[in-house]
Amino acid sequence: DSVSRRETSLEMTRGTYRGRLAPSPTGYLHLGHALTFWRAQERAQENGGVMVLRIEDLDRDRCRPEFREAIVEDLRWFELNWDEGPDVGGDFGPYLQSERRDLYFASLEKLRAGGFIYPCTCSRRDVLNAAVAPHSENDEPIYPGTCRAKGVEAAMPAAVGLDLRATRPPLEPGGINWRFRVPDGESIEFVDQRLGPQSAVAGKDFGDFIVWRADDVPA
């Protein structure tokens, strides 16, 4: 059946190299995108993996269908190919981010029930003004935890049956963000294939980050 076939596909995919390009259809493709995709395709081929085209169309105001169609047309003109995508399908669809909303919201509910996230009313300006550590213009300031204490109480009702959908971030401006509570002091380490070993300490090098935006868009 379809479930067993999908499980088999998932098992076969584990450990397989998966490359992807995720353009946003907010305008026409430029050469930088084409070069990035060409390199991604080259890496996938070198590693015997697959290529995925994923369309980042979560920005409802700026994304347009004609830009999405043009992206596919231009990439095909460059003779670039992908194994999975909105135009060819695949076992891990949908490949339009806007069609994955229910999947993201289900994950948000799990995080909420586990107390890993909390509601935040701080604007970007609030965070910039409250940041205690200096940061450059292009760096994201570390969130100072203004709403974290309030978030502890807000997370509690999930354990007694409160449906997260009742507190779902509203569509109108002025709603709330949902932030992930990072494990303060925990060191995150990995090896970057270009820059080598990397490490960062939660709460020091990065802070609580947004997973669902106040305009009702998953981040």
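Guide: In α2, the buried residues are Ala-34, Phe-37, Ala-40, Gln-41 and Ala-44. Buried means under 20% relative accessible area, exposed over 50% and partly exposed in between, with a 1.4 Å probe and protein chains only. Seen down the axis of α2, these residues fall within an arc of 130°, so they line one face of the helix. That arc is taken over the directions from the helix axis to the C-beta atoms.

Visitor: Before we go on, what kind of model is this?

Guide: This is a predicted model, where local features need pLDDT of at least 70, side-chain atom pairs count only at pLDDT 80 or more, and totals for chains, interfaces and linings use all residues. Residues are numbered from 1 along each chain as its sequence is written, and side-chain values use heavy atoms, with hydrogens and water left out.

Visitor: Good. What do the buried residues of α2 pack against?

Guide: They pack against β1 (18–21), β2 (50–53) and α3 (65–77). Contact means heavy atoms within 4.5 Å. Helices (H or I, at least four residues) and strands (E, at least two) are DSSP runs, numbered from the N terminus.

Visitor: And which residues are exposed on the other side of α2?

Guide: Leu-31, Leu-35 and Glu-46 are exposed there. Leu-31 lies in α2, which covers residues 31–46, and Leu-31 counts as exposed because its relative accessibility is 65%.

Visitor: Which patch does Leu-31 belong to?

Guide: A nonpolar surface patch, formed by Leu-31, Trp-77 and Phe-78, with about 410 Å² of accessible area together. Patch residues have over 30% relative accessible area and no salt bridge; like charges are joined within 9 Å, and nonpolar side chains (Val, Leu, Ile, Met, Phe, Trp, Tyr) within 5 Å. A salt bridge puts a side-chain nitrogen of Lys or Arg within 4 Å of a carboxyl oxygen of Asp or Glu. Areas come from the Shrake-Rupley method with a 1.4 Å probe, and for residues only the protein chains shown count as cover.

Visitor: What comes just after α2?

Guide: Gly-48, which takes a positive phi of about 65°.

Visitor: Switching topic: where is Gln-97?

Guide: Gln-97 is in the loop between α3 and α4 (101–113). With a relative accessible area of 7%, Gln-97 is buried. Leaving aside neighbours within four places in sequence, its contacts are Arg-54, Ile-55, Glu-56, Asp-57, Leu-58 and Tyr-104.

Visitor: And how many helices and strands are in the protein chain?

Guide: Six helices and seven strands. Of the chain's 219 residues, 32% count as buried.
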